[in-house]
Amino acid sequence: MTKLFRNGHIFAALSNRCKYSTAPKSICTLHINDKEYQSDNFTNATPKIISYLGRNLHLQKGHPLSNVRQRIVDYFYKSFTHRGNPTFSVYDNLSPIVSVKQNFDDLLIPLDHPSRAKSDCYYLNKETLFRAHMTAHQSELLHAGLDNFLMIGDVYRRDEIDSTHFPVFHQVDAVRSQRKEELFVDHPDLQIFEPIFDPQYPEAFTNSTTDAHKQSCHTLEATKLMENQLKTHLLGLVQTLFGNDIRYRWVEAYFPFTHPSWELEIYYENQWMEVLGCGIVRNEILARAGPNNSIAYAFGLGLERLAMALYKIPDIRLMWSNDSGFLNQFNNKDVNAKITYKPVSIYPQCVNDISFWLPNNITVDTFINNDFYDLVRDIGGDIIEQVKLKDKFIHPKTKKHSLCYTIVYRHLERTLTKAEVNAIHKEIEKAITDSYDVVIR
Ligand code: DAH
């Protein structure tokens with residue numbers, strides 16, 4: 001079980017004083033899963049976010065996310081075997097609390113990359129965060145000597161609030177490596193590495209990604225063969241889930257940890273939807289973690305998107321529902337059964353705007369929207385269906401800056417009364433006033 005803070009007092013101190021301000025007013029010790037983390041001016045993980053730890057929806061039997069996870073694992077088990085044993089090993093219980101090194105540095109993510117920003121991640125302190133992607137475990141597992149593996153779990157990102165975004169979601173990430181003898185079984189004369197590159201001394205060679213088609217250390221044959229396998233296997237996966245008729249397209253992409261890189265999109269409900277990112281693992285990552293004689297491909301996909309499309313689940317918050325009307329539609333069924341979600345019932349929305357004047361030291365452009373979204377979610381919980389910025393305004397005379405957001409409230413399982421929504425809305429107004437010195441208009 002997730003243990004939050006050692007005692008209620010410290011918890012209260014964090015929730016009241018450290019939470020929303022850019023710099024915590026006091027140093028707190030956070031106790032999570034029997035480990036201690038000292039807060040600092042990076043700390044921005046809220047109690048609400050911490051409360052999602054340990055839910056492990058991807059492992060909850062009969063849950064739609066668990067069913068999709070099972071189908072993906074089955075696909076890899078069936079497609080790749082070695083002497084009757086599955087080639088891939090599966091890690092679905094790794095701790096979501098990781099170091100900055102694991103989440104970014106080991107993956108060659110530049111220091112100034114926007115994904116590292118406090119406004120995008122939940123940090124426990126400047127060295128530790130809730131993993132923002134499952135790729136965070138790639139290097140450590142390579143280092144442990146693994147070559148073909150799947151990493152499955154919950155990931156955390158600060159983001160907008162709407163029917164397809166939730167600050168916690170689930171990913172499957174994978175690495176498939178091959179040595180020369182495996183890759184070129186039928187062509188023993190072909191090589192993975194360019195002759196000028198000595199894999200024994202990978203650091204002696206500056207691997208470059210300036211050529212759009214391949215990393216400078218790799219031969220074109222090895223890269224093309226891997227690309228071909230990667231695309232065949234991932235398309236096979238998507239066709240296994242959605243059927244052979246699914247419309248798809250490959251799009252060139254950029255990730256700091258792969259080159260070349262692609263995204264796979266499928267056509268769903270009249271638009272293209274990105275379902276996964278992938279590419280050839282940068283050789284520096286492999287060489288640093290251990291294997292210096294192989295080439296690997298990697299990919300990462302989001303389970304929520306696939307499950308929502310597969311079962312026609314209209315709102316991502318439903319994934320967190322404990323309502324039996326939702327869960328029983330997926331429970332105790334064959335994981336491969338074709339299921340279409342039937343809305344339990346649709347309860348009305350309640351829409352309320354909130355506008356406030358910002359203090360002089362914050363402008364409409366420096367105010368961090370994600371800070372506001374977290375505050376709203378912390379107070380309103382899962383009845384917050386959507387928060388969107390409606391208007392930015394600068395008073396022509398006083399030059400005062402003001403923001404207006406629309407908050408859409410909807411409970412998934414019952415009708416909300418106007419009075420209870422108003423009470424929550426008032427609480428949000430009070431919290432934003434206390435935390436940012438704003439003045440409600
Ligand atoms: N980690 C990426 C994300 O969360 C997805 C991804 C892309 C994972 C390419 C990979 C990869 O392993 O090779 O957006």
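Mentor: Start with a pair of helices. The crossing of H3 and H7 is right-handed. Bear in mind that this is a predicted model.

Trainee: Which residues meet where H3 and H7 pack?

Mentor: From H3, Arg-71, Ile-72, Tyr-75 and Phe-76 take part. Their partners in H7 include His-233, Gly-236 and Leu-237.

Trainee: Why are H3 and H9 called roughly perpendicular?

Mentor: The axes of H3 and H9 (residues 303-311) cross at roughly 100°. The range for that label is 65 to 115 degrees, so H3 and H9 are roughly perpendicular to each other. These axes come within 9 Å. Among the residues of H3 that meet H9 are Pro-64, Leu-65 and Ile-72. On the H9 side, Ala-307 and Leu-310 are among them.

Trainee: Back to H7, which holds Lys-231. How do you know whether Lys-231 is buried or exposed?

Mentor: Check its relative accessible area, which is 19%. Buried means under 20%, so Lys-231 is buried. Leaving aside neighbours within four places in sequence, Lys-231 is in contact with Trp-250 and Trp-262.

Trainee: What makes a set of residues a nonpolar core?

Mentor: The members must be buried, of listed types such as Ile, Leu and Phe, and joined through side-chain atoms within 4.5 Å. The largest nonpolar core here has 73 residues. Ile-72, Phe-76, Phe-299, Leu-301 and Ile-313 touch the most other members. Ile-313 touches Pro-64, Met-308 and Phe-330, among others, not counting residues up to four places away in sequence. A second, separate core has 28 residues, including Val-100 and Phe-169.

Trainee: How do you know that S1 and S2 pair?

Mentor: Count the bridges. Pairing needs at least two. S1 (residues 29-32) and S2 (residues 35-38) have 4 bridges, in the antiparallel sense. His-31 stands opposite Glu-36 in S2. The hairpin has 2 residues between the strands, and Asn-33 takes a positive phi near 50°.

Trainee: Last one. Why do S16 and S18 count as edge strands?

Mentor: Take the sheet's order first. It is an open sheet of 4 strands, S16-S17-S15-S18, with antiparallel pairing. S16 (384-394) and S18 (439-440) each have a single partner strand, so one side of each is left without a neighbour in the sheet. H11 (residues 369-380) packs on the sheet, touching S15, S16 and S17.

Trainee: How many bridges join S15 and S18?

Mentor: They pair over 2 bridges. The requirement is at least two, so that count meets it. Trp-357 has Val-439 in S18 as its bridge partner.

Technical notes: Residues are numbered from 1 along each chain as its sequence is written. This is a predicted model: local features need pLDDT of at least 70, side-chain atom pairs count only at pLDDT 80 or more; totals for chains, interfaces and linings use all residues. Side-chain values use heavy atoms; hydrogens and water are left out. Buried means under 20% relative accessible area, exposed over 50%, partly exposed in between (1.4 Å probe, protein chains only). Contact means heavy atoms within 4.5 Å. Axes are lines fitted to C-alpha atoms, for helices over the stretch in contact, and angles run from 0 to 180 degrees between N-to-C directions. A crossing is left-handed if the near helix is turned anticlockwise from the far one by less than a right angle, and right-handed if clockwise. Angles under 35 degrees count as roughly parallel, over 145 as roughly antiparallel, 65 to 115 as roughly perpendicular and the rest as oblique.
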